[in-house]
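Let's take a walk through this one, from the strands to the ligand. Have the model open as you read.

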Amino acid sequence: AIERTFSIVKPDAVAKNVIGKIYSRFEEAGLRIVASKMLQLSREQAGEFYAVHKERPFYNDLVDFMTSGPVMVQVLEGENAIAKNREVMGATNPKDAAPGTIRADFAETVDENAVHGSDAPETAKVEIDFFFPEGVCERLR
Ligand code: CMP
């Protein structure tokens, strides 16, 4: 089915000036960018977005990193978009990411891993609503 998923180009990839290259990976995989904006996350926003990880040892470093510079947030639409985006991103740890994936090609460490993508339909909806409370276009075509 046609799905929508939520994606972040993280501060490391924005600093490396590879937003366009990463967007091309989405497009080449058949994912359409149906909403997009650049913003600098506050500690409050980053903390709330990653609240499920609050008890994990990497939580504070994660919030520090995600607030260290601007990010791009986007909604991707396509057939099986949630799984497809996870495929295109590669494993969370770039060292385990398959060749040709975004994390293999643009990231070095699990902490600074270039992109985030929703892991399930429920989280996709929550994450899209969190960053696009104004709503996202219903149809672009
Ligand atoms: P992301 O998909 O944005 O979700 C949480 C992030 O925490 C993850 O990507 C990683 O960048 C980061 N992280 C750091 N250490 C770990 C770890 N051990 N397991 C999972 N995620 C981690």
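A residue counts as buried when its relative accessible area is under 20%, as exposed when over 50%, and as partly exposed in between (1.4 Å probe, protein chains only). Strands here are DSSP runs of E with at least two residues, numbered from the N terminus. Keep in mind that this is a predicted model, where local features need pLDDT of at least 70, side-chain atom pairs count only at pLDDT 80 or more, and totals for chains, interfaces and linings use all residues. Residues are numbered from 1 along each chain as its sequence is written, and side-chain values use heavy atoms, with hydrogens and water left out.

Start with strand S3 (residues 71–79): 8 of its 9 residues are buried, so the rest of the structure largely encloses it. Strands count as paired if DSSP finds at least two bridges between them. S1 (residues 2–9) pairs with S3 in the antiparallel sense over 8 bridges, and serine 7 sits opposite glutamine 74 of S3. S2 (residues 32–39) also runs antiparallel to S3, joined by 7 bridges, with isoleucine 33 opposite leucine 76.

Now hop to histidine 116, in strand S4 (residues 115–117). It's buried, at a relative accessible area of 12%. Beyond four places in sequence, its contacts (heavy atoms within 4.5 Å) include Ser7, Tyr50 and Arg103.

What lies 3.1 Å from an N or O atom in the side chain of histidine 116? An oxygen atom of the ligand does. The protein buries 77% of the 460 Å² that the ligand exposes alone (Shrake-Rupley method, 1.4 Å probe; for residues, only the protein chains shown count as cover).

Technical notes:
Helices (H or I, at least four residues) and strands (E, at least two) are DSSP runs, numbered from the N terminus. A polar contact is a pair of N or O atoms within 3.5 Å; within protein, one must be able to donate a hydrogen and the other to accept it, and residues adjacent in sequence count only if both atoms are side-chain atoms.
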